[in-house]
Amino acid sequence: MACRFSELVIDSRDPKALAGFWSAVLGYQELRDGDGDDEGTVEIGPEEGFGGPAPTLVFVPVAEPTPGKVRLHIDVSPTDRDQDAELERLLALGARPADVGQTGEESWHVLADPEGNEFCLLRGRVAA
């Protein structure tokens, strides 16, 4: 028996806004809106929700900034266009280029989401 990656929890200053950004990036929908017991927490995921083939993302409100470099980042791959077209789309959504010391020879782009969380746009296209 093994574990399965089911959700990723992300600290956020503005969970609703960051969830909106990542929903647009991944084609996810809002599953939980921050009301109830987990006030301010927003969960997004594929249409089938938690427990489906893809993990959900849970944005949790925190007041304090991240202390230092985050040790985990998300890699995304285009599904229906080439890397250049997807880069344009992500930048239009609010991503921005991030410099982590890359040489310029990499096959991926390093970006930051609206709260500065780094992620990479890979070249290879994957099935949606």
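# Surface, fold and pockets of a predicted chain

Me: What is the accessible surface of the protein chain, and what share of it belongs to carbon and sulfur atoms?
Reply: The accessible surface of the protein chain comes to about 8100 Å², and carbon and sulfur atoms hold 52% of it; areas of this kind come from the Shrake-Rupley method with a 1.4 Å probe, and for residues only the protein chains shown count as cover. The model is a predicted one, in which local features need pLDDT of at least 70 and side-chain atom pairs count only at pLDDT 80 or more, whereas totals for chains, interfaces and linings use all residues. Residues are numbered from 1 along each chain as its sequence is written, and side-chain values use heavy atoms, with hydrogens and water left out.

Me: How many helices and strands does the protein chain have, and what makes a run of residues count as one?
Reply: The protein chain has two helices and eight strands, where a helix is a DSSP run of H or I with at least four residues, a strand is a run of E with at least two, and both are numbered from the N terminus. Along the sequence they follow the pattern β-α-β-β-β-β-α-β-β-β.

Me: Why is the protein chain called as compact as a globular protein of that length?
Reply: Its radius of gyration is 15 Å, close to the 14 Å that the globule rule gives for 128 residues, so the chain is as compact as a globular protein of that length; the radius is taken over C-alpha atoms, and the rule is 2.2 Å times the number of residues to the power 0.38. Taken along the principal axes, the C-alpha atoms fill a box of roughly 45 × 35 × 35 Å.

Me: Why is Asn-117 called buried?
Reply: Buried means under 20% relative accessible area, exposed means over 50%, and partly exposed lies in between (1.4 Å probe, protein chains only); Asn-117 has 19% relative accessibility, so Asn-117 counts as buried. Asn-117 is found in the loop between strand E7 (109-112) and E8. Leaving aside neighbours within four places in sequence, Asn-117 is in contact (heavy atoms within 4.5 Å) with Ile-10, Leu-18, Leu-111 and Ala-112.

Me: Is Pro-15 buried or exposed, and how do you know?
Reply: Pro-15 has a relative accessible area of 7%, and therefore Pro-15 is buried. Pro-15 is found in helix H1, and, apart from neighbours within four places in sequence, the residues in contact with Pro-15 are Gly-40, Val-42, Phe-59, Val-60 and Pro-61. In the whole chain, 33% of the 128 residues count as buried.

Me: Why is Asp-75 called partly exposed?
Reply: Asp-75 has a relative accessible area of 43%, so Asp-75 is partly exposed. This residue is found in strand E5, and beyond neighbours within four places in sequence Asp-75 is in contact with Cys-120 and Leu-122. From C-alpha to C-alpha, Asp-75 and Leu-121 are 6.0 Å apart in space, although they are 46 residues apart in sequence.

Me: Why is Gln-29 called partly exposed?
Reply: For Gln-29 the relative accessible area is 35%, and therefore Gln-29 is partly exposed. Gln-29 lies in strand E2 (residues 29-32), and, not counting residues up to four places away in sequence, Gln-29 touches Ser-23, Glu-43, Ile-44, Gly-45, Pro-46 and Glu-47.

Me: What makes a set of grid points a pocket, and what is the volume of the largest pocket?
Reply: On a 1 Å grid over the protein atoms alone, a pocket is an open set of points with protein on both sides within 12 Å along at least five of seven lines, whereas a cavity is a set where a 1.4 Å probe fits but cannot get out; lining residues have an atom within 4 Å of a point. The largest pocket has a volume of about 710 Å³, meaning the space filled by probe spheres set on the points, which are joined across faces, edges and corners. Of its 26 lining residues, Val-25, Leu-26, Tyr-28, Ser-77 and Thr-79 lie nearest its centre.

Me: How do the residues of the lining of the largest pocket divide?
Reply: They divide into 17 nonpolar, four polar and five charged, with Ala, Val, Leu, Ile, Met, Phe, Trp, Tyr, Cys and Pro counted as nonpolar, Asp, Glu, Lys and Arg as charged, and the others, Gly among them, as polar.
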